[in-house]
Amino acid sequence: MTHPLAVAAAAASAALGVRVASRRGWLPGGSERWERTNHAGDPVTLTEGLSLAVGAVAPLLLVDPAAAWAVGESAVAGALDDVDGRTDVKGLRGHLRLLRNGELTSGVVKILALVEAGAVSVAWSDRRSGRGLGAHTLAGAGLVAGAANLANLFDLRPGRALKVFLACGLPLAAAGRPAAAAVVGAGLVVLPDDLRGRSMLGDTGANPLGAAVGLAAAQLLPDRGRWMALGVVTGLVLASERVSFSAVIDRTPVLRAVDRWGRA
């Protein structure tokens, strides 16, 4: 079951099973807790994120436990923020400002969980592969946490986060990285409803999507490559505090066309 196609197929099957269960109302906390309003003011469900997370974790438990840890913990942290998080606080800066004032938000808890998920999963992977621990492990941990956060920043329009991270995940899956293969398989199952604006990833799905692709990249890249990838991801996260990704995409014809492809 280590072949990428087998991992992707298993993840797709598990994600489809969760989608069926969610449509029948078998949801933790009831369906209303997972309902939100999207950017266009239409009602959507966040159960897509559950489908992607559970679908990806299922095969990874067997073939890459470190990746299962990264995906699972980032999904749980994202679900906490989706269900009980504050909606009036935006961006990393907003959560850190409240933390300085003595208020611990679910967003800060999520950030700490993503950092821990990255550290544990990369250290676990490096030890299993014989790579050993060192500064490169810290770079990999930052890459996982940063990619998880970055995916959430792209999840502002139908299909956007999935398009970006599936495009990054496909070559990593082809290179034999199970984490990437798992989210590609699960992501392709939830993509149609996401594009139609019927559901969205939310933090529950976006965080594990990014974490899986980030870990797959960390597992494949050499030490210098990890640092370079971390620099790119960090730059994009910091840029998002000052620049609207949506505005940049809308001003760039090629990006706008790709971004709108497949939407209802």
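H136 sits in helix α6, which runs over residues 135-154. Keep in mind that this is a predicted model.

**Around H136**

- H136 is buried, with a relative accessible area of 11%.
- Leaving aside residues up to four places away in sequence, H136 touches D126, R131, D223, R226 and W227.
- Two of those contacts, D126 and R226, also pair up with each other: their side chains meet in a salt bridge, at 2.8 Å from N to O.
- That pair ties together distant parts of the chain, with D126 in helix α5 (residues 106-129) and R226 in helix α10 (residues 223-239), 100 residues apart.
- D126 and R226 are both buried, and H136, which touches them, is buried as well.

**Other salt bridges**

- How many salt bridges does the structure hold? There are nine.
- One of them joins D259 to R263, where the closest N and O atoms are 2.8 Å apart.
- D259 counts as buried because its relative accessibility is 6%, under the 20% cut-off.
- R263 is partly exposed, with a relative accessible area of 24%.
- There's also a network: R19, D193, R196 and R198 are joined by salt bridges that share partners.
- Are R198 and D193 buried or exposed? R198 counts as exposed because its relative accessibility is 52%, and the cut-off is over 50%. D193, on the other hand, is buried at 10%.

**The second largest pocket**

- This pocket has a volume of about 300 Å³.
- Its lining is made up of F154, R160, K163, V164, A167, L236, F245, V248, I249, L255, V258 and D259.
- Which elements give two or more residues to the lining? They are α7 (160-174), α11 (245-251) and α12 (253-260).
- Helix α7 gives the most, with four residues.
- By class, the lining has nine nonpolar residues, three charged ones and no polar ones.
- D259 turns up here again: this buried residue is part of the pocket lining and also forms the salt bridge with R263.
- F154 is another lining residue, and residue 154 is where helix α6, the one holding H136, ends.

Note on methods:
Residues are numbered from 1 along each chain as its sequence is written. This is a predicted model: local features need pLDDT of at least 70, side-chain atom pairs count only at pLDDT 80 or more; totals for chains, interfaces and linings use all residues. Side-chain values use heavy atoms; hydrogens and water are left out. On a 1 Å grid over the protein atoms alone, a cavity is a set of points where a 1.4 Å probe fits but cannot get out, and a pocket is an open set with protein on both sides within 12 Å along at least five of seven lines; lining residues have an atom within 4 Å of a point. Grid points are joined across faces, edges and corners, and a volume is the space filled by probe spheres set on the points. Ala, Val, Leu, Ile, Met, Phe, Trp, Tyr, Cys and Pro count as nonpolar, Asp, Glu, Lys and Arg as charged, and the others, Gly among them, as polar. Buried means under 20% relative accessible area, exposed over 50%, partly exposed in between (1.4 Å probe, protein chains only). Contact means heavy atoms within 4.5 Å. A salt bridge is a side-chain nitrogen of Lys or Arg within 4 Å of a carboxyl oxygen of Asp or Glu.
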